[in-house]
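Work through these exercises with the model open. Try each task before you read its solution.

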Amino acid sequence: MPVAAGPPARLPLPQLLSPVPEWVAPPAWRCIELLSDLHLAPEMPRTFEAFAAQLRDTGADALLILGDLFEVWVGDDQRHRPFEQRCVQLLARTARTRRVAFMPGNRDFLLGDAMAADSGIERLNDPTVLVAWGRRWLLSHGDALCLDDVDYQRWRAEARSDPWQREFAALPLDERLARAGAARAASERRRAADAFDPALWADVDPDAARAWLDTTGCADLIHGHTHRPGTSALGAGHHRHVLSDWDLDHAGSARAGLLRLTPAGLSRHPPSTATASG
């Protein structure tokens, strides 16, 4: 009699760099804004304009983008395409007056040095400790902590390897974009066929999150990826603050938001009024 297969074994939690990098805010700063999961693409013009308005209107000393700024990024030669050029120019204008830092997400982990140089952004390791006004905050995109998403974690480990990235980078740009588009389409078909419920998405593993927080001497984790904005307790005095995804282009699903960190603490905000009204 065949034995029923159990759930696939989870991969171990990715090891942290030792020490975990720190990003230190000057004491004179008064505000840092954090956002993620904008998934910018030519097909999302209202979301792009919302992001552009936020960057134009912000009074923050720094903007930290914690992954998935783009819907897909298949290599820095993508930056020469018309829509991506608009994004480069927008980021470069912003970076001339305040610091802009970017942490890779699961959609844009191939964003590299050339794109960072053209757009004026600083690259952040995942995770990074933000040190500001006497407190330590652990920043992550969040996907590495979703240990129950076993298939994704196996793909993530492969796609972060040098051999995979060298082989993928050797393909023509159009083929890389086509492969990325096919992967997204297949994922959407699976979700539709399964009557996909966003509540069933794999979430950050609490034990893994606490382990990272304990290792880095932080009490609070700020992350994106899960599209479940909110603040919740992780236990043992730890909390996590989940960033909102941005989508202002699809009827019935308009959402966008950011976290603002000041000497008084952390608070949640929508984009500017002009942004939200479109």
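**Exercise 1. Find the buried residues of helix α7 (residues 206-216) and say how they are placed around the axis.**

Step 1. Apply the cut-offs: buried is under 20% relative accessible area, exposed is over 50%, and partly exposed is in between (1.4 Å probe, protein chains only). Helices are DSSP runs (H or I, at least four residues), numbered from the N terminus.

Step 2. List the buried residues of α7: Ala 208, Ala 209, Trp 212, Leu 213 and Thr 216.

Step 3. They cover an arc of only 135 degrees around the axis, so they lie on the same side of α7. The arc is taken from the directions from the helix axis to the C-beta atoms.

Step 4. Check the other side of α7: Asp 207, Asp 214 and Thr 215 are exposed there.

A note on the source: this is a predicted model, where local features need pLDDT of at least 70, side-chain atom pairs count only at pLDDT 80 or more, and totals for chains, interfaces and linings use all residues. Residues are numbered from 1 along each chain as its sequence is written, and side-chain values use heavy atoms, with hydrogens and water left out.

**Exercise 2. Classify the aromatic pair of Phe 48 and Phe 83.**

Step 1. Use the rule: rings of Phe, Tyr and Trp (its six-membered ring) pair if their centres lie within 6.5 Å; planes under 30 degrees apart are stacked, over 60 edge-to-face, and the rest tilted. The count by this rule is 8 aromatic pairs.

Step 2. For Phe 48 and Phe 83, the centres are 5.5 Å apart and the planes make 65 degrees, so the pair is edge-to-face.

Step 3. Check burial. Phe 48 has 5% relative accessibility, so Phe 48 counts as buried. Phe 83, at 11%, is buried too.

**Exercise 3. Classify the pair of Trp 164 and Phe 168, then find its surroundings.**

Step 1. The centres are 4.9 Å apart and the planes 15 degrees apart: the pair is stacked.

Step 2. Both residues lie in helix α5 (residues 162-169), 4 residues apart, so about one helical turn separates Trp 164 and Phe 168.

Step 3. Trp 164 and Phe 168 are both buried.

Step 4. Widen the view: Phe 109, Tyr 152, Trp 155, Trp 164 and Phe 168 form one aromatic cluster.

Methods. Helices (H or I, at least four residues) and strands (E, at least two) are DSSP runs, numbered from the N terminus.
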